[in-house]
Amino acid sequence: MTKLRHLQLSAFRGARFPLPLDFGSKTKSLAVFGENASGKSTITDAIEWFIQDRVDHLWREDCKQEALRHILAGVDDSCTVELRFDGQDNHGAKSLSADLKTSTNFANDNTRALVDALKEERIILRHADIVKFLDERKGNKRKAIADIIGYEEITQFRDVLQQSNNALKKEGAYTGAKSFSETLQSDMVGLVGQVVPDRQSFLGIAQDIVAPFDLKTAITDEASFNKALEELRGLGNSAEKIKAAEQLAQLAATCETLKADIDRFLAEAATFTDSYNVLARERESVDKLRLSDFLTKGQAVIDVDTYTDDACPFCLSPFDLAKLQRDVAARLAEMAEIQGKLDAAKGLKDTLLQTISGIGTRIKSIAETYKDLSDYKTLVESATAAIILLRTYYKGLVDAFDALTVFEPPEGFNDALSAFRSQCEGSAVKAKEDAGKLGLTELEKKVANALSTLETLGRQVRDFERAQRIIDVYEAQILTLSAIFERFVTVQNAALQAVLDTISADVGRFYQKLHPKESVDDVRLTMVGEEGVEFEYSFHGTPTQPPRKYLSESHLNSLGVVLFLANARIFNKKAKFLVLDDIVTSFDTSHRRRLLRLLRDEFSDWQIIILTHENIWFDIIKKEMAQHGWLFHEVRSDDANGILLENSPATLKEIIEQKKGKEDVTNDLRKLLELVLKNICHALEVKVAFRFNDINEKRMADEMISQLRSTLKDKSPDLLKTQIFSDLAGSALIANLVSHDNPDKIVGADIDVLLEDIEKLVALFICKDCGRHMRADISVPGAKAISCKCGKSQIPWKT
Amino acid sequence: MTTKNILSAAEVISAFLDEQSQDKDLEQASVSAITKLRSKGKLTRTNLLRQLEEDRKAVLKGDAQQDKG
């Protein structure tokens, strides 16, 4: 992971002239103070522009590149941001020319890759962004969390499973096979009173059918079935006549079925061509479906809150964003409607092709089975011609659909098919009449009827098994996709919940550090319904959501801050630096301190850059973080010269060192001595006279020295013999300091003498190891002494 | 807290498909079709439906040959 070493901007936002900001080789943390409108956010803007190629708060307001160049930058002035990351040759520069063209130079490909990776990370938090996530709707929160960890792929995977399964259920071959299966079941019930699901069952039914004839052969398998049929045909006076009657009965049944099939086909064909040809004639609209993926992805880009450009993201042409969003949504809705129509037409086409195949099989059986019946020569010839005609129709239909062209049946097709239908109708009547003319006995009629029933049932069972195989193979896939989809929804939610749990662990802990012993605890992110995520917390022990229900603005801000920090710590892979720009506006003093301690304890190895316009907050940071090696700068605006950066001393001693020889430091020395004495008196529980409120803070140094001496006289008399106390007691300098009305200033070497005295005093009561005071309430066991917190430094102390 | 408990989207899907490939109650040709298309970066509705159609044809062709045999 990386941190920042150096930032330099020039002619960028508030910085007219080169503004360097050095974090040193130790990539130190930094606090920057600047009054409102002093231009301190220029630093944040520079980092954001360098990494993201945009500055979100500006882009949102339609202030883009033109807002980045300093207003007084000349044509030849380069608006530049240079950033140096930790590591060797890890730097780059981004410039914006006077004609607002951006150019970027990286030291090498590694830096380029690093900056690309940083784009996805959580680096900058501004006050305006803190509660943005909290106010998102549940669905958007879920998407935001999913986006953080790249879960878009999961959503896509789930969608493919669901869409494919839905499409599979609607495929014509499947729905056609189911419909055919139902028809066959109905036909079987009509013929033999029950559904005969397979060949084995058929053989059982066949035995029942032939049972009345008392055959010698019992049907148990295919061989006995064929033998029984031979035996059956041999009953009566003429096997030939029975065979002829059976054949005619079959022919009549086939012709009647064919007539019904052709009627169904004509109806299906009319429905298909009516709907399909409308689409084919609007081919341009259907062709646009190829753009649907592109538009869907484009919509995802322009619909996110972060996209605010009034330009097409593809061609960069100027375009009103709201209008572009409306146009894309309208085009996608139109495409969804066309896709629906196309899917429906495909279903009709598949069903139609299935029907043609069925008719073709029957016609072929007529042409082959009855070619020896001279009385039906015309029917057989027509059947042969009809096969060719149907093949042509089938091929034409497939070709037209694939090419999305208007489909027209072959010339004369409808007339020829209608003529063939009439021929089937006539042949069925004739076959029945011819069978009647054979003069069969009652037994022979029964035999012929049984044979015809067996033949018809056998065909129905064969067709049923075939349809069932198609259904089975489809349903195996459908059930598999359904099961996978349902399981994946569970896996997806579990994966997301794991993420939420991980974030929640840090969010809850961080929040607790900011707000200990308050009525709000157990803060976490949780799934709401199937598509939502929401913050949940215990409020007086009761699980509660959403955050705005009971939390104050300050608590909401805390929640936003800790969520950002948790996400950064968990998910940042490259950036180990954070920019916190004016984020504590609604925090009170104690919560500000707690935030600093949270940063100190949990982000001690991170580089933190804090920008603030609040002096008190800046002083707290100085006081708490100077000892941890932080840098401090103040930024001020110098009118036409733009913003300037100055070092900001972290301690009074640094201030005095900086001002020495240039300005009067008497007041600073007095404040330093008072501060040192206050801290010592506090730690040693030195008793002073009671005073109300602020007056209590305004203790003079001589009062505190006197009371400190008094306490030491009782508790640690040997310590009082230390030279520093007599030096302090007799110091004319101190007398000078404690008198506010004394016009004399402390100057020159006297400053050094006084600073040395203060240092000696501090050294007596502060541990060199832990830097903390020795305290009256930390007694050393078994010794008449007190110690600091680490115990390494002690002073004698009577109890 | 670290990210060790957090799987990437690719890891979640890969682990899930591995688990499904062990489930004998599922039609494994379909699981395999999804896995292969995903590994090629071609897992779309259209491509999956095409592959499933090929699988169905193969199964039905096999059945038909078995019937003839």
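## Terms and model

Helix axes are lines fitted to C-alpha atoms over the stretch in contact, and angles run from 0 to 180 degrees between N-to-C directions. Helices (H or I, at least four residues) and strands (E, at least two) are DSSP runs, numbered from the N terminus.

This is a predicted model, in which local features need pLDDT of at least 70, side-chain atom pairs count only at pLDDT 80 or more, and totals for chains, interfaces and linings use all residues. Residues are numbered from 1 along each chain as its sequence is written, while chains are lettered from A and ligands numbered from 1 in the order in which they are written.

## The two chains

Chain A holds 28 helices and 16 strands. Of its 799 residues, 32% are buried (20 or more other C-beta atoms within 10 Å of the residue's own, with C-beta atoms placed from the backbone). Take the contacts in chain A with a separation of 6 or more: 66% of them join residues 24 or more positions apart. Two residues are in contact if their C-beta atoms, placed from the backbone, lie within 7 Å.

Chain B has three helices and zero strands. Its pattern along the sequence is α-α-α. Buried residues make up 19% of its 69 residues.

## A hairpin in chain A

Strands E5 (residues 91-96) and E6 (residues 102-106) of chain A pair in the antiparallel sense over five bridges. Pairing requires at least two bridges found by DSSP. A:Ser95 has A:Ser103 in E6(A) as its bridge partner. E5(A) and E6(A) form a hairpin, with five residues between them. In the turn, A:Leu100 has a positive phi of about 65 degrees.

## Where the chains meet

In this interface, 31 residues of chain A contact 26 residues of chain B. On the chain A side, helices H7 (152-170), H17 (442-514) and H18 (553-571) each give two or more residues. H17(A) gives the largest share, 18 residues. The chain A side divides into 22 nonpolar, six polar and three charged residues. Ala, Val, Leu, Ile, Met, Phe, Trp, Tyr, Cys and Pro count as nonpolar, Asp, Glu, Lys and Arg as charged, and the others, Gly among them, as polar.

## H17(A) against H1(B)

The axes of H17(A) and helix H1 (residues 9-21) of chain B come within 11 Å and cross at roughly 140 degrees. H17(A) is therefore oblique to H1(B) (under 35 degrees is roughly parallel, over 145 roughly antiparallel, 65 to 115 roughly perpendicular, and the rest oblique).

A:Ile484, A:Phe488, A:Val491 and A:Ala495 in H17(A) meet B:Val12, B:Phe16 and B:Gln20 in H1(B). These residues divide into six nonpolar, one polar and no charged.

How values were computed:
A residue is buried if 20 or more other C-beta atoms lie within 10 Å of its own, exposed if 12 or fewer, and partly exposed in between; C-beta atoms are placed from the backbone.
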